[in-house]
Amino acid sequence: MRRAWPLLQSRRETTKLKRPMRNPYEVLGVPKTAGEAEIKKAYRKLAKTYHPDTNKDAKAKDRFAEANSAYEILGEPEKRRQFDRGEIDGDFDARLDNVYPDDAPSPIREAATGDMLSLTPAPYGNTGGSFDSEAPDFEATLTVETSLREHLGRQLDLATRDATDRLIGGFLIDAVDEAGYLRESIDAVAERLGASLDRVAGVLKLVQSFDPAGVAARDLAECLALQLREKDRFDPAMQALVSRLDLVAKRDFSALRRLCGVDDEDLVEMLGEIRRLDPKPGRAFGSSGVEVLIPDVFVRAAPDGSWLVELNGEALPRVLVNQSYYARVVRGAKAEGDKAFLSEALQTANWLTRSLEQRARTILKVATEIVRQQDGFFVHGVTHLRPLNLKTVAEAIGMHESTVSRVTSNKAIGTSRGTLEMKYFFTAAIPGAAGTAAHSSEAVRHRIKQLVDGETSDDVLSDDALVQKLRHEGVDIARRTVAKYRESLRIPSSIERRRERYAQGGMVAGVMMAR
């Protein structure tokens with residue numbers, strides 16, 4: 001018989017241990033003359049710092065509970081006046097398990113021996129103190145990620161007690177996307193909830209004060225402004241800079257200097273602060289897992305200088321036909337119809353296995369031909385990538401072009417230069433100048449990036465200049481094609497690059513002279 005060990009106080013009434021709480025003004029770190037807004041700000045700062053979900057320090061839960069208890073007094077005007085008059089002595093329990101009064105203690109259970117075993121409430125459920133129930137799986141909670149919605153919802157519960165404001169706040173939080181932006185206008189929210197526009201705007205201002213800074217913004221400028229206000233750096237000059245992010249994108253630094261009324265050194269510092277802000281504050285919460293591209297084929301160099309192409313067995317579907325089970329079932333079949341059905345099922349299973357084997361052989365055959373055609377890429381890199389189309393591979397291996405298209409879709413090749421989709425190796429041809437061999441569009445795009453990266457502030461290459469350089473290298477390309485490739489690489493125009501390099505050079509020189 002399992003015995004429940006009696007406690008010393010088993011036959012006495014269990015009483016909670018109490019300890020006197022510090023002065024609530026000292027707990028929140030505010031003077032007695034502090035206003036309601038100052039008290040709320042101090043409480044929210046402590047709650048954010050010591051919340052048990054984010055702070056795993058052993059003393060954090062006590063500090064969190066102490067801040068809650070202090071705010072219960074100072075957050076209510078009547079209770080605050082009573083405390084100031086000395087009518088509330090502050091002698092109450094400040095333990096974390098006493099913050100929520102609705103959690104009733106576990107009932108006293110009588111063991112088989114007749115002893116009474118008092119059970120204290122468990123912090124993670126109702127199993128604390130029980131010898132019969134299984135312990136909770138704490139490891140299962142370690143990898144649980146908090147979503148942005150959950151994170152904001154917890155702060156909303158602490159920030160306001162008004163039921164209407166919580167309803168509006170919950171609706172606004174639901175309208176915040178994964179990046180942290182509010183994707184619904186407050187006019188639509190007010191109309192849908194039947195609330196006044198001023199009240200919705202007030203709750204939105206409350207939600208925008210939550211962590212992470214910049215959340216629930218309606219555009220990029222507002223997101224940056226919220227983060228700068230949090231850092232106490234949203235002065236008039238910075239406000240003017242944030243209002244014209246289009247000039248920042250165009251790198252029109254002379255216009256920004258006039259707009260903000262600052263010199264080169266201050267502008268450099270302001271732009272540096274903008275770059276250090278997070279344009280997507282919500283992406284740190286509950287982000288989806290990174291999808292890893294699993295190669296279907298591996299390519300590695302052989303000792304003799306050739307290439308070894310082999311299938312990735314882990315990526316192939318595994319289907320086996322259990323012949324012994326089929327034989328056992330057939331022996332038990334009496335009717336001719338049952339035997340015919342089993343024979344047809346076996347044929348279908350064999351056909352499926354043969355089809356999967358044929359699919360694997362086709363993938364290997366296509367990948368081998370790709371490696372043969374693009375040998376220069378595997379040896380020297382992307383600059384030696386050749387133009388290639390599906391028809392060329394199909395004719396080389398004796399298959400239809402549509403078959404090659406299906407085989408290369410959503411398939412990847414693992415190489416020493418990384419894992420690449422099979423479609424990457426199929427590129428359009430750019431004709432060569434003066435009858436030279438054609439060039440791959442991907443190789444030309446890579447060459448354009450190299451030329452732009454190598455330009456100096458005194459020699460910024462225009463699209464026409466890029467065309468001339470490429471033609472000197474044997475690439476017959478039109479200016480509009482160069483512009484298209486440059487834009488696909490997200491390279492600014494020559495005017496914007498020249499303006500940026502000139503402004504940066506001038507600002508650096510100005511900073512050095514100032515020093």
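Which side chain does the side chain of arginine 192 join in a polar contact?

Modeller: In this predicted model, the side chain of arginine 192 makes a polar contact of 3.2 Å with that of glutamate 184. Arginine 192 belongs to helix H7, which covers residues 186–193. With its relative accessibility at 57%, arginine 192 counts as exposed, because the cut-off for that class is over 50%. If neighbours within four places in sequence are set aside, arginine 192 is in contact with Glu184 and also with Phe171.

Elsewhere, leucine 352 sits in helix H15, residues 336–373. Its relative accessible area is 38%, so leucine 352 is classed as partly exposed, a term for values between the 20% and 50% limits. Together with Val319 and Trp351, Leu352 forms a nonpolar surface patch that has about 280 Å² of accessible area in total.

Helix H21, spanning residues 479–488, contains the buried residues Thr481, Val482, Ala483, Tyr485 and Arg486. After H21 comes arginine 490, which has a positive phi near 60°.

The average pLDDT of the protein is 79, and 80% of the residues reach at least 70. Residues 1–18 stay under 50 in pLDDT, and the model gives this stretch 20 contacts beyond four places in sequence. Residues 91–133 likewise have pLDDT below 50, with 68 contacts in the model beyond near neighbours in sequence.

Methods
Residues are numbered from 1 along each chain as its sequence is written. Side-chain values use heavy atoms; hydrogens and water are left out. Helices (H or I, at least four residues) and strands (E, at least two) are DSSP runs, numbered from the N terminus. Buried means under 20% relative accessible area, exposed over 50%, partly exposed in between (1.4 Å probe, protein chains only). Contact means heavy atoms within 4.5 Å. A polar contact is a pair of N or O atoms within 3.5 Å; within protein, one must be able to donate a hydrogen and the other to accept it, and residues adjacent in sequence count only if both atoms are side-chain atoms. Patches are made of residues with over 30% relative accessible area and no salt bridge: like charges are joined within 9 Å, nonpolar side chains (Val, Leu, Ile, Met, Phe, Trp, Tyr) within 5 Å. Accessible areas come from the Shrake-Rupley method with a 1.4 Å probe; for residues, only the protein chains shown count as cover. A salt bridge is a side-chain nitrogen of Lys or Arg within 4 Å of a carboxyl oxygen of Asp or Glu. pLDDT is the predictor's confidence in each residue, from 0 to 100.
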